[in-house]
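Here is a short tour for anyone about to work with these coordinates. Have a look at the model first, and then we can walk through it together.

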Amino acid sequence: MSDLRSLYQEIILEHNKSPRNFKKLDGANRILEGFNPLCGDHYTLYVKLEGDTIVDLAFQGAGCAISKASASVMTTLIKGKSVEEARAMFAMFHELVMGTLKDVSFDHLGKLAAFAGVSEFPARVKCASLAWHTMRNALDAGTGTVSTE
Amino acid sequence: MSTQVQIPEAVKRNNKFSVEALRACFPILQESVRGKKLVYLDNAATTQKPEVVIAELDRYYRHLNSNIHRGVHFLSEEATAAYERVRLKTREFLNAASEKEIIFVRGTTEAINLVAASFGRMNVRSGDEVLVSGMEHHSNIVPWQLLCEQSGARLKVIPINDRGEIEAEEFIRLVGPRTKIVAITHISNALGTVNPIKNLVRLAHERGVPVLVDGAQAVAHQRVDVQDLDCDFYALSSHKMYGPTGFGVLYGKEDLLKAMPPYQGGGDMIRSVTFEKTQFADLPHKFEAGTPNIADGIAFGATLDFLHSLDWDALSVHEDDVLGYATEQVSSIPGVRIIGTAREKAGVLSFVMDDIHPHDIGTILDQEGIAVRTGHHCAQPVMARYGVPATVRASFALYNIRSEVDALVRGIQKVKEVFH
């Protein structure tokens, strides 16, 4: 059970139950789809970018607890950040779930620390990463559908 | 030279059936995963292999390894004879009329692609129709879609009812004058539905339409008699019936196969080659280009011997008991909805629970040593039919037992604890 608790942290379960910014965002100027066809996780990410600042973002869709909580937590962390800050956070999150993050205190990670357990579940890394990859592609002005499978 | 490993008497016909003796034939069932005793309930994805099959693979590479159908040396002759003996065993296993009707392939997927490419190229034209059912695996949809795109034919779908069954009236309505072939699964991998193949074949034949049966899921659970079913093609995979991966069989009626063009060109499938003209080999070799999967084919022969020795009457009673028990136990858990409630079912219990995603359920069960499949099971149209993105699928084989169902139920309770 302890291993499971490392994956299904309270924060993750809570964000899965009540996802934040879970809506269509009017006025979004970057809209991108994140879709993992093998597992069926499927989200639309709405980003409102003004100059260099992500003034608002939201998401809709369906998927497992890990993918949904990850998307929800991401929206709360990225809102109001600059593009550069968002990219840095993506890099940190990526290393965190891949288990390659070194020498960073959990205080620095904040809410992201809840996803540290994902690295012990290789099959679930793609779930945790989906929204983040979608966000990064949205910032790159990418189009089409993002997949982490 | 025969294998050293003996099949225990207690699993054989004319003996009192013992599922524990049967389980003892499968070494992996004694394993632990994540510190828990393995509970393997992903048999629709692939079944485990008995010791006799593993030993035969080992024996082949140690004592027999050689290319077949070409060498004049001792090993090649031995290997060729062993490989061709498997064809005779397969003919017997399926009760085909002739060994010419037994084509060796990589698996069910290749078997269906072979028929779609070869039979399809010859018979399906623009405006024609290919009929599949709403419960097909992607491997019995996509090859036909490709054929339809190339030929201008239409893919039509027999709908399934809420229980996950094909209704004969719908079937009759859809088999029309332009239908060139019906491709249908024997047992659904996502729902467990056992289709009334014999009756459907009869209805199709009354309208002059041949039928391909996807037997991938069926052969693990029941004996198949292709002459009794009267189907025109029957496709199966060794690895879903306790044999090695990478090997399978296409059964086809001789007159149909004879008229069909080759699927792939290469060595082994020719009689003579010049740059002007190639004469193809006779059946079955016409459809077997290149060096085949000799080792797994020979080990498939050991699989057939193993299956042949079993007491299928007792196994059928045992399997029905375990699936019935699982259905009763799992469906009584609050919040669980069973997907696929056909009156005739085998091997599969697919379900969803509350608003907990199947992947989360799968991960938690895995921590308990329980292997299930989660996802769309390569049957996305089935998921769409029931309005779910995915299901949890517990799938059973001959060797599963009630106590494993109990472990599954405890695992599901744990999922509920985690998600409150």
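Of the 420 residues in chain B, 50% are buried. Please keep in mind that this is a predicted model. Chain B holds 14 helices and 17 strands, and among its contacts between residues at least 6 apart in sequence, 70% join residues at least 24 apart. Chain A, with 149 residues, has 41% of them buried. In chain A there are 6 helices and 4 strands, arranged along the sequence as α-α-β-β-β-α-α-α-α-β. Residues 24 or more positions apart supply 61% of the chain A contacts with a separation of 6 or more.

The overall dimensions of the two chains sit side by side here.

| Chain | Span of C-alpha atoms along principal axes |
|---|---|
| Chain A | about 45 × 35 × 25 Å |
| Chain B | roughly 75 × 55 × 35 Å |

How does the radius of gyration of chain B fit a compact globule of 420 residues? Such a globule would have a value near 22 Å, and chain B has 22 Å, so the two agree. For chain A, a compact globule of 149 residues would come near 15 Å, and the 14 Å of the chain agrees with that.

**Helix packing in chain B**

Helix 3 (residues 74–94) of chain B packs against helix 10 of chain B at an angle of about 45 degrees, with the axes 9 Å apart.

Is helix 12 (residues 358–367) of chain B mostly covered or mostly open? Mostly covered: 9 of its 10 residues are buried, among them B:His359, B:Asp360, B:Ile361 and B:Leu365. B:Gly369, with a positive phi near 85 degrees, follows helix 12 of chain B.

**Backbone details to check**

Most residues other than glycine have a negative phi, and most peptide bonds are trans. The bond from B:Leu283 to B:Pro284 is cis, with omega near -5 degrees, and B:Pro284 sits in the loop between strand 12 (278–280) and helix 10 of chain B. B:His69, in the loop between helix 2 and helix 3 of chain B, has a positive phi near 60 degrees. B:His69 is partly exposed, because 17 other C-beta atoms lie within 10 Å. B:Asp230 has a positive phi too, of about 65 degrees, and lies in the loop between helix 8 (226–229) and strand 9 (233–237) of chain B. With 15 C-beta neighbours inside 10 Å, B:Asp230 counts as partly exposed.

**Confidence in chain A**

Chain A has a mean pLDDT of 90, with 94% of its residues at 70 or more. Which helix of chain A has the lowest confidence? Helix 5 (residues 106–109) of chain A does, at a mean of 71, while helix 3 (residues 65–78) of chain A is highest at 97. Where pLDDT is low, the predicted coordinates should not be read in detail.

How values were computed. Residues numbered from 1 in each chain as written. Chains lettered and ligands numbered in written order. Predicted model: local features only at pLDDT ≥ 70, side-chain atom pairs only at ≥ 80, totals over all residues. pLDDT = per-residue confidence, 0-100. Helix = DSSP H or I, 4+ residues; strand = E, 2+ residues; numbered from the N terminus. Rg over C-alpha atoms; globule rule 2.2 N^0.38 Å. Buried ≥ 20, exposed ≤ 12 C-beta atoms within 10 Å, placed from the backbone. Contact = placed C-beta atoms within 7 Å. Axes fitted to C-alpha atoms, helices over the stretch in contact; angles between N-to-C directions.
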